[in-house]
Structures are given as structure tokens and as C-alpha cells.
Amino acid sequence: MSDYAKGLEGIIAAETEMSFIDGQKGVLEYVGIPIGELGKNSTFEETVFLLWNQRLPKASELEAFTKDLRSRYEIPGALAERIKALPTTAQPMHVLRTLISELALYDNDPNANDPDSARDKSLNVLAKAPALVAYFDRHRRGLDFVKPDASLGFAENFLNMLNGEKPTETMARAFDICMILHTDHGLNNSTFTARVIISTLSDVYSALTGAVGSLRGPLHGGANEGVMHMLNEIPDLDAVEPFIMGKIERKDKIMGFGHRVYKAKDPRAFALQGLAKQLATDTGNQDLFNKSMKIEEVMTRELGAKGIYPNVDFYSATTYHCIGLKLDLFTPMFAMSRLGGWSGHVIEQLSNNRLFRPTAKYVGPHDAPYVAIGDR
Ligand code: ACO
């Protein structure tokens, strides 16, 4: 039996051709291409193709992939009606998790796991997730649904369905970059969850539903909401230092900092910091960005030596806020993007599957007597 590693730290549990991470140097590559390069030059659609095929598409391939994705944007009518019946107080991550699971009910062959079917179902969920989120948000605001527009890209179509108007080019591109940066990240908790579920030869819907549940946690994708709560709690720039020092003294975790793998600044945080700065200036949210910079300064001074730096969630909070997204939509945005990565891992796992079944180290008693119920 091998050594026990709490939280599976450092354990290699799968092989992947999708993303490479060097946590010491702060490197993240998708199929060998540095994440910053993709953020500058790629689109979300192209990035998903790259991850699913381990190569960049030719122009004709990208066109066909994008066309196929766009043709699947709309959700079944019965599911749209069902959204209208959901409690308006429901939390969007619970809604997204539930509705991804429900998509299986509209599939005639939901359990098919051959390579073509796995890709087909993955594309279907990826294409429909924006409508699931946008429709629910409009329902809770008492607004009519805005149908998907197949002439628009993934990012632009989502913002159009959410807000009922096309975003500016800058906003659409900023959102597209966020989607690219969040798509994949090695064997993180939610990706591992998806791979564990599909390794039983369950189905794509179950694997993706489980992954959404994992991402929701505040130690994982839910941290971006936590960052925004923290920024709202700090009244001004002068209050940053005492606020953060107080948290460190109480040994509270500061959301958006620290990472199991990165001991340097998360490379996605560099790209998001640039985006946050530009959008904060454009939208008059400089105080938010300035507070973020000050938090990073205090944290780096106090905890940098321990390898605790901003992670992907830290500057994505300001970025999403400046794009005009409500706080409880931050983690669903992460999920919408990460569906590309989760699906790629599900496809990869199915192509070379072995059931995940680790071992627990038993630490309880042995040979214990069975005490009759009346004598306990
Ligand atoms: N603030 C303050 N201290 C921290 C932080 C933080 N954000 N993160 C880690 N530490 C400290 C811990 O208190 C601990 O200190 P100790 O050794 O003195 O007890 C040490 O660093 C190690 O921390 P662990 O929690 O054991 O590290 P682990 O690898 O298990 O955790 C995690 C990684 C969960 C991301 C952690 O850094 C954390 O809770 N961060 C805040 C939540 C967050 O931002 N999550 C998003 C991560 S990115 C993503 O999932 C998309």
C-alpha cells in the first residue's frame, strides 16, 4: 500500500494531453500553448476545439465546429417552461446543476459513451448551458426570455440572452477571454469529480452534473463570489491593511489567494488583472481595482514567502463585476467555461478508462464487541 496523502496532494491519478501546469514557475499551457498566448489570440470556441482534439483547428474545421455549437444553443421547450416554474429564490449554481442533469431526460440515448456520442452530448451541454443560466436569471427578474442568436459567438450570445442587448465589442471580448482562461486546469477537484464519475461508465450528464456540484464549493470555484463579498466589506483603500491583517491574525482564509498547485502567482491571475484594470477604468470601478491591488500587496508581503499568491478567482471577481454580472452568477460563469474542460476530460477518460477506486486507510478499532441495543 502506498503512503497516505491527505487531499491526494502530489498523487498522479490520471494522464492528460490537455493542460500542463508548473506550479513553482507559474506556468499553464493548453496542449503546449501558454495560456497568455491563447488569451491574446484565441476564442473560447477555438480553445475548446484545441482541448478536445489536442491541436488547433484549420479555418474550415473551426467554422464547422462553431456552426454545430451555435445550432444547439436553444434548450428544449419543455425545459424552458420548467425554468419558469422554478423558485425565484433558488441559487443559480443549484439551478445549473439541476438543469444539466435534466438535459439527460431530453436525450433518447443518454447513456451512450462511445467517442462520437460522448462528444455529441458534451457539445450539447456546452451549447445549452448559457441559456440555462440566462433564462433562469431573467425568470427571477420577472423578464421574458431572450432566445439564443445563432449568429453570435458563445460569449456574445450569453450576454445578449442575459441583458436583452448586444454587449459592446470590448465587453464581449473581455468575457470571451475570461471563458478561455477558465476552460481547463489539470486534475482540479471538479475535473477529478467528472473523471471519477465517468470511470464507472456512467454517463456524460452525470459526470458534468457532479462537476458543477464540486465547483460550487468556496474552496474551489465558489471563491470568486467570496472575493467580491470581501471587496464589498472593505469600505475604502485605507481599510484594506487592517482588514487583511485582522484576517491573517485570526487565521481566516483570504478568498482568491493560495492554490494547491501554484506556489507562484497563478498565470491566469496576470491576464485577469490586466482585464480587470482596463474594465475598471472603462466602467468607473477604479476603487474596486485599487482595493484589489492593495490586498495583493499586503498578502504578498505577509504570506508570499509561504507561496500564497492570487489565484484565478481573485481578479475574475472584479472583471465579472465590471462586465455587469450579478454576484451569484460569477461561479456559474466559471462552470459555463469549465464545461469545455470537464467534457474534454470525460472524453479522454473514456478513451482509456480504468475505474477509479482508491483505498482508505482504516483508523478505527478492530474486534469490537456487538453490544445489544438495550445495553448501550
Ligand atoms: N489565506 C490565508 N492563508 C492561507 C490561504 C489563504 N487564502 N490559503 C492557504 N493558506 C495557508 C493555510 O492557512 C495553511 O497555513 P498553515 O500551514 O499555517 O496551517 C497553509 O497556507 C496551507 O493551506 P492549505 O489550506 O492546507 O492548502 P491547500 O493546498 O489544502 O489549499 C486552497 C488550497 C484550498 C485553494 C487554499 O489556498 C484556500 O482555501 N484558498 C482560499 C479559497 C480560494 O481562493 N479557492 C480558489 C482556488 S482556485 C480554484 O479552485 C479555481
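How many helices and how many strands are there in the protein? The predicted model contains 16 helices and three strands; helices (H or I, at least four residues) and strands (E, at least two) are DSSP runs, numbered from the N terminus. Residues are numbered from 1 along each chain as its sequence is written. Because this is a predicted model, local features need pLDDT of at least 70 and side-chain atom pairs count only at pLDDT 80 or more, while totals for chains, interfaces and linings use all residues; side-chain values use heavy atoms, with hydrogens and water left out.

**Figure 1. The protein as a whole.** The C-alpha trace spans about 70 × 60 × 50 Å along its principal axes. Of the 376 residues, 51% are buried, where buried means under 20% relative accessible area, exposed over 50%, and partly exposed in between (1.4 Å probe, protein chains only).

Figure 2. Three strands form an open sheet in the order 1-2-3, with antiparallel pairing. Strand 1 (19-22) and strand 3 (33-34) stand at the edges with a single partner strand each, so one side of each is left without a neighbour in the sheet. Two strands pair if DSSP finds at least two bridges between them. Strands of a sheet pair through backbone hydrogen bonds, either parallel or antiparallel.

**Figure 3. The hairpin of strand 1 and strand 2.** Four bridges join these antiparallel strands. F20 has E29 of strand 2 as its bridge partner. Four residues lie between the two strands of this hairpin, and G26 in the turn has a positive phi of about 75°.

**Figure 4. The hairpin of strand 2 and strand 3.** Strand 2 (residues 27-30) pairs with strand 3 in the antiparallel sense over two bridges. Y30 has I33 of strand 3 as its bridge partner. Two residues separate the strands of this hairpin, and V31 in the turn has a positive phi of about 45°.
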